[in-house]
Amino acid sequence: MVHVKILPDKAHASEEVAQMLHDLIVEKPNAVIGVATGSTPEGAYERLAEKITENRTDVSQLQFFALDEYIGLPWEHPESYHSVIHRCVTVPLGVEPAQVHVPEAPDDSTVGPVDDYDQKIAAAGGIDLQLLGIGRNGHIGFNETGTPFNAPTHVGELTEITREDNSRFFEGGVDEVPPLAVTQGIGTILKARKIVLMAFGEGKVDAIRDSLEKPPAEERPGSSLQLHDDCTFYLDEAAAAKVGHS
Ligand code: PGA
């Protein structure tokens, strides 16, 4: 069952999500938080950083687990997710790098499971709250169409749509976007105690409708979230435009 919250715009949704994250951190100072990259959650991280500063919130016991990482980009590359998470989460929230984990796989990895990330998450107590965006094609993390719903953290291939969408972050365009990535699996994501997915803009409208209104199926990774018992989608009006019309 997915709960849906439709907000007037990204700023309102980011504020609500940031407040919810801050409430969690105050209630559980050693919370484990799953963090997404991409442009969608940036506003929520900025608002959360402001709340932490204003309230002098203790962040010293938190742990963060990123969703995914490209394979073949050096960590120092500004668009590696090690760099993005450092820039958007670690530094603004004022946490130590040791509190923040990003999945890794050797450069020569082919497709398949990555052994220790799920164990690391379990050893930290499991994820209390997982933040997600969604791709135009319905992917969550880098779980593309056809990913089994019980997949653990694994290496997978990116679709051309995903590489094209992400090419906006790379000066060299689509050729610079790696074809492989390591990602928390759908099975990993579904183990989180609470899931929050944000989606903004008309580019996400079909992915959101399919995730919410079509039966759960591997061809629609976002539809797996219907199987979770505490998942909320925070949408702006553009992304929600096709919800409730079928
Ligand atoms: P975006 O990406 O936040 O940059 O739109 C979302 C995703 O691909 O999961």
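Leu131 stands opposite Val196 in β10. The model is predicted, and local features require pLDDT of at least 70, side-chain atom pairs count only at pLDDT 80 or more, and totals for chains, interfaces and linings use all residues. Residues are numbered from 1 along each chain as its sequence is written, and side-chain values use heavy atoms, with hydrogens and water left out.

Strands β7 (residues 129–132) and β10 (residues 194–199) pair in the parallel sense over four bridges; pairing requires at least two DSSP bridges between two strands. Helices (H or I, at least four residues) and strands (E, at least two) are DSSP runs, numbered from the N terminus. The open sheet has seven strands in the order β1-β11-β10-β7-β2-β3-β5, with parallel pairing. At its edges stand β1 (2–7) and β5 (100–101), each with a single partner strand, so one side of each has no neighbour in the sheet.

His139 is located in the loop between β7 and β8 (154–157). His139 is buried at 12% relative accessibility (buried: under 20% relative accessible area, 1.4 Å probe, protein chains only). Its side chain forms a polar contact with the side chain of Thr162 at 3.0 Å (a pair of N or O atoms within 3.5 Å; within protein, one able to donate a hydrogen and the other to accept it, and residues adjacent in sequence counting only if both atoms are side-chain atoms). Beyond four places in sequence, His139 is in contact (heavy atoms within 4.5 Å) with Gly133, Ile134, Glu144, Thr162 and Pro221.

Ser211, in helix α7 (residues 205–213), is buried with a relative accessible area of 3%. A polar atom of the Ser211 side chain lies 2.7 Å from the backbone oxygen of Ala207.

Notes. Buried < 20%, exposed > 50% of the residue type's maximum accessible area, 1.4 Å probe, protein only.
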